[in-house]
Amino acid sequence: MRRQLRSRRAPTLPHGYHYRLDDQDEVNQNYLADEEEEAEEEARMMGVPNLEKEEEEDLVEEEKEEKEVVQNEEEEGQGQPMGNTWWQKLQLINEYLWDPEQRRSLALTGLILILYFLFYASLAAVITICMYTLLLAISPYMPTFSERVKPPGIMIRPFAHSLNFNFNVSEPDTWQHYVISLNGFLQGYNDSLQEEMNVDCPPGQYFLQDGDEDEDKKACQFKRSFLKNCSGLEDPTFGYSTGRPCILLKMNRIVGFRPELGDPVKVSCKVQTGDENDIRSINYYPESASFDLRYYPYYGKLTHVNYTSPLVAMHFTDVVKNQAVPVQCQLKGKSIINDVINDRFVGRVIFTLNIET
Amino acid sequence: MKDIQNSGKEDGQEKSSRGRKDTCWNRKKNRQKQEIKEEPDLDDHKLSSEDLEKKYGTNIVAGLSSARAAELLVRDGPNALSPPKETPEIIKFLKQMVGGFSILLWFGAILCWIAYGIQYSHDPSSSLDNVYLGAVLAVVVILTGMFAYYQEAKSTNIMAGFSKMIPRQALVIRDAEKKTIPAEQLVVGDIVEIKGGDQIPADLRLLSSQGCKVDNSSLTGESEPQGRSCECTHDNPLETKNIGFYSTTCLEGTATGMVINTGDRTVIGQIASLASGVGNEKTPIAIEIEHFVHIVAGVAVSLGITFFIIAVSMKYPVLDSIIFLIGIIVANVPEGLLATVTVALSLTAKRMAKKNCLVKNLEAVETLGSTSIICSDKTGTLTQNRMTVAHLWFDNRIFVADTSEDHSNQMFDQSSGTWASLAKIITLCNRAEFKTGQESVPIMKKIVVGDASETALLKFSEVIVGDVMEIRKRNRKEMEAPINNTLYPACSILSLLQLSIHETDDPDDNRFLVVMKGAPERILEKCSTIMINGQEQPLDESSAEAFHTAYMELGGLGERVLGFCHLYLPAEEFPETYSFDTDAMNFPTSNLCFVGLLSLIDPPRSTVPDAVAKCRSAGIKVIMVTGDHPITAKAIARSVGIISANSETAEDIAKRLNIAVEQVNKRDAKAAVVTGMELKDMSSEQLDEILANHSEIVFARTSPQQKLIIVEGCQRQDAVVAVTGDGVNDSPALKKADIGIAMGIAGSDAAKNAADMVLLDDNFASIVTGVEEGRLIFDNLKKTIAYTLTKNIAELCPFLIYIVLGLPLPIGTITILFIDLGTDIIPSVALAYEKAESDIMNQKPRHKKEDRLVNRPLAIYSYLHIGLMQSLGAFVVYFTVYAQEGFRPGFLIGLRVDWEKDMNDLEDSYGQEWTRYQRQYQEWTGYTAFFVAIMVQQIADLIIRKTRRNSIFQQGLFRNKVIWVGIASQIIIALILSYGLGSVTALNLTMLRPQYWFVAVPFAALIWVYDEVRKFYIRRYPGGWWDMNMYY
């Protein structure tokens, strides 16, 4: 777009141009006169109501005028009852409301408001209907599509904002929060709770439950004791006090997800970059280092209320101390993908252990 | 002195009307502005040569001394027009970079970088998204800026035309010697000699002249050559005959003159500085676009700041709030719109160029559409700029000659014997000749050597009697003499009688024929008989009376009348061997036989009356502004309809009622003829009154400065003024006008340079085409803007809802750019191809201040009606996409915080756990869905915007094929973005499931239906409340 922002060139004076100084007075006189005129004009402008907003102001103005009139009247005819002023005021408002011009614009404003109200109400109705049909059309038990959430991601516990485990064995303050976090997390896995709520289903096979979609589903037990040394039952510090930390690995729940062909999904951890021997040994609990098939499929939180995500605990029993060891834990299995470039949590998780003694 | 006082008064009044805001500085500026409108104040023409010598310290015979000349040259500078100060290119470029929406986008880009800076300081590994976004915004600004700069660079420099006129060499007398020096070195006081063919090198006060004639048409618009002498014939320096003006041409003769002004101080120089000193007013469309930018920017900034405050008070981190702010700004700014407008304008410009309207300044395309007053120059614009025989008078009757461009049908009676004699005189008593080698050229286009009148007569006789050269050969010329009469000392050719003596072509007749032509009353003086029906009769009272009636009548038509007479010399007194002598005048020059009168006029172009009528019906006032005489001007104005047949001027009424002009009620006169002299004594209020109260106005005898005053007067009436013209004298007015229109063939370079538009075929009728195109593009730009603004709401709502309800972000900033600069561009250009809805040429021009491009109904309807419906549809698609993937609508509310956290096991409404990246991908899918939904509904929006009042079905769904190209482009671009580039993560788009493309279709249909209902009620109740509020 071309914008004209040209510099205005100072014009050259036409040859022999003189200007008279005494013009100045004349100019000023005109100037003043016009000023007055303009003030008048402004005043006139003020008196003309053009929008509904100003009508209210008008009302107020008229009320003011009315007050003045009343005062004058009071000065003249003293002893008039006070009720009269209210009555007059009311009358004035009444007149205002019945004034055809004012009424018309008031009515128009009202009409506009009503029309907009109706318009937006019907729009709201439309979106309500749309949302309602949408919710009707979508099963509450089974998501329509799940290709975005598959393949499953994994997550570790304890997790507090960061995937760097930096702690000093001799300073409990540096690892105490991990222990608290793990304890909290494992409350739901307490043996008593699991035995009470869930069923002990046969391992090595899917726990398939036929029946209607809306029927409540039973969940398989995953007891805290399955985690042995990492259950926090024997060692309430989950090994953090000895520099042999436990880290729990949880696979993200996906409705209807089944590790294919009956092979359970296995977990394996290794040093991501650097010396492979920095970890030296890891103990997995359950010892199979896998998520047993009986925990699949998941039927969704509406019916599968007590579903307990299976866990795999990794016990880093002999990690090199006083240096950061990047660890990558991967899922291995048929329907698992663990090398998505952009997503570092699909089928794998990377964390660092930096244990100081 | 009088006009100076007057101007002081005017000045004061003008200033005071500006009100109390007026500062001292402003007054000074006004005074300066006023000064340039002053007439050139020269009095050198009134001085005697002695006074001149004294004034300029020179000697008429010996000239200046070289030393003195060098001194003066240093003092006054070279005798050349100084080029205007140019804004440096880089400044122009930078101005484009910060104008309009650019400043907002820069702001957005900088915020992006600041946001990244904050992120980086928290976490050095944070993503570069904001840096990219900032870069993208910057690139958008720079690209649009470059585009605009390119457009601006196309417009040309006004000074170029003036510099071309500078003569190269001048013959000057210095140190009592004749020298040829470059004209730039001339100084005041130099004595210069000029001869026929020269351009006058500076403003000259002529000291002696031998048959010198100059062509002043570039200065005054008068096409006839003017004689120059050394006597002061008029108070006005422009009218007097003893001044030769810089850059005009000396046609014939020789003259000596004293340089009285050089360079920028010459009359032409003043006009040139007038033209470049006149600020280029903003075009109406530029004002409209600025207004629109202000509205949109206002909305963007106020919404942005409001929601920034809301976000901060809702305990959002400042960083997030900044990012919201960026989103709101980007959503609100129609990035592609200004470029679209430019393209739409240039499309129209191209279309107009095909119809011979060359548009130099793109924005001028629309200006013509909103034009309410056309100030047209006469010569060359309304007329053919060619003297032509218009009427003949012989046998006591007036005959009308065909004045059309080709003279094809001459209808008058040619059987009379008088005509035969008249034709012979016309043919023989004429010095003009066709240039050789033009046998194949049509007569009217042949180039002729000779002055305008003689040319007209030559062509006239060539058309009617045939081969003039052959006839002249047969009637060999014995002698030729101009007769000067001491009673008429001035060099006007009108008072010159031209006489020649010929042998006759009749071999039996050995008499000589004396033929003479010239000013009618002087011819009549020389005659004693008159030829009626081929018979010579004594010239009695009644025939003299008839002659005078005819002469007055023709003169009253503004025509130049020539008289013709002849005499057969008796063979006894003048035998074949007789030798005629010009100096001795040994032949009779009285008691001739009067044959007839012939009147010449520069006739109007044949297309003009029709075009003027069309302008009238389109509500455009056509005013004639000319340097020519009032009578001629009025006659032409009448013949082209600028003064319509039944309207009268005050003078006409006075004449009809036989009362004094002062007694006529000015309101009764529809038409007015105002001369430059009257205009000079008028205050601007008086001028305003004339402009307001008369619908048909002719300004005659106006100077370039006065043209400027007239244009300003029109502009004070809130009119959009178009000025047409061709001469240098028009160029200041052309520049001052809202749109200057120059003639392409006849126009001078200066005029073409000052103009915004050039009519390549010099056809006034092209203006009508221009008006039509201009009005159409204004309507279509409205549609384009309405179309573009609509989706802003659909782009903005997501941010507002995101902030308030905490949904995952429905549409990303980059995605918004894909809509604004991707799918929406071609459709919005396609609206420029839309045909007019109704007969736009029968409507009044839009009011500059009331009929805005973007008015309240447009903004409200686009934002609060269609825009909201669009966002609704888009949100339905968004919710569908999320619900089907596992996030039901209710679940989404307030999810934002967790959603954006670095959490890799976020539960959805089914208990499934999502990693951060999976959610991110889902979010992009949401973006894509939202984008597609807007795109689909923009198709409906595009269709409804085809018309503003008529039903789409009245307009024809398929008449504008480009719309369909636009729709196809929208779909194709969206398909490419989703399926072709969906895997490029930086674009934040994904491959969308095919069914989602159709979710918004019902909403698109709803939009269409809703708009049809709106238009139905507008048509049903025109002028009603609905019409007032819903018609944009």
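Two strands pair if DSSP finds at least two bridges between them. Keep that rule at hand for the exercises on this predicted model.

**Exercise 1. Find which residue of E2(B) is the bridge partner of B:Val172.**

Step 1. Locate the strands. Strand E1 of chain B covers residues 169-174, and strand E2 of chain B covers residues 177-182.
Step 2. Check the pairing. 6 bridges join these two strands, which run antiparallel.
Step 3. Read off the partner. B:Val172 is bridged to B:Lys179.
Step 4. Look at the turn. E1(B) and E2(B) make a hairpin with 2 residues between them. In that turn, B:Asp175 has a positive phi of about 50°.
Step 5. Turn to another partner of E1(B). Strand E3 (residues 191-195) of chain B pairs with E1(B) over 3 bridges, in the antiparallel sense. Here B:Ile173 has B:Ile191 as its bridge partner.

**Exercise 2. Give the strand order of the open sheet of 5 strands in chain A, and name its edges.**

Step 1. Write the order: E2-E9-E8-E4-E6, with mixed pairing.
Step 2. Pick out the edge strands. These are E2 (164-168) and E6 (290-291) of chain A, and each pairs on one side only.
Step 3. Examine one pair inside the order. E4 (residues 265-271) and E8 (residues 324-332) of chain A are antiparallel and share 6 bridges. Within this pair, A:Lys266 is bridged to A:Lys332.

**Exercise 3. Describe residues 111-138 of chain A from the record and from the model.**

Step 1. Consult the record. An unreviewed UniProt entry lists this span as "transmembrane region".
Step 2. Compare with the model. The span is 96% helix and 0% strand.
Step 3. Take its length. The end C-alpha atoms lie 40 Å apart.

**Exercise 4. Identify the residues that touch the most other members of the largest nonpolar core.**

Step 1. Note the total: this core has 230 residues.
Step 2. Name the residues. They are A:Tyr240, A:Leu249, A:Met314, A:Phe316 and A:Phe351.
Step 3. Ask which element gives the largest share. Helix H28 (residues 765-805) of chain B does, with 18 residues.
Step 4. Follow A:Phe316. Beyond its neighbours within four places in sequence, its contacts include A:Ile247, A:Ile279, A:Val327, A:Phe351 and A:Leu353.

**Exercise 5. Decide whether the residues in two salt bridges of chain B are buried or exposed.**

Step 1. Start with the total. There are 48 salt bridges over all chains.
Step 2. Take B:Arg846 and B:Glu366. Their closest N and O atoms are 3.4 Å apart. B:Arg846 sits in the loop between helices H30 (825-830) and H31 (856-885) of chain B, while B:Glu366 is in helix H14 (residues 364-370) of chain B, 480 residues apart. Both B:Arg846 and B:Glu366 are buried.
Step 3. Take B:Asp628 and B:Lys378, with closest N and O atoms 3.1 Å apart. This pair too links distant parts of the chain, 250 residues apart.
Step 4. Apply the cut-off: buried means under 20% relative accessible area. B:Asp628 has 9%, so B:Asp628 is buried. B:Lys378 has 1%, so B:Lys378 is buried.

Conventions: Residues are numbered from 1 along each chain as its sequence is written. Chains are lettered from A and ligands numbered from 1 in the order in which they are written. This is a predicted model: local features need pLDDT of at least 70, side-chain atom pairs count only at pLDDT 80 or more; totals for chains, interfaces and linings use all residues. Side-chain values use heavy atoms; hydrogens and water are left out. UniProt positions are given in the numbering used here, feature names are shortened, and annotations may be inferred rather than shown by experiment. Helices (H or I, at least four residues) and strands (E, at least two) are DSSP runs, numbered from the N terminus. A nonpolar core is a set of buried Ala, Val, Leu, Ile, Met, Phe, Trp, Tyr and Cys residues joined through side-chain atoms within 4.5 Å. Buried means under 20% relative accessible area, exposed over 50%, partly exposed in between (1.4 Å probe, protein chains only). Contact means heavy atoms within 4.5 Å. A salt bridge is a side-chain nitrogen of Lys or Arg within 4 Å of a carboxyl oxygen of Asp or Glu.
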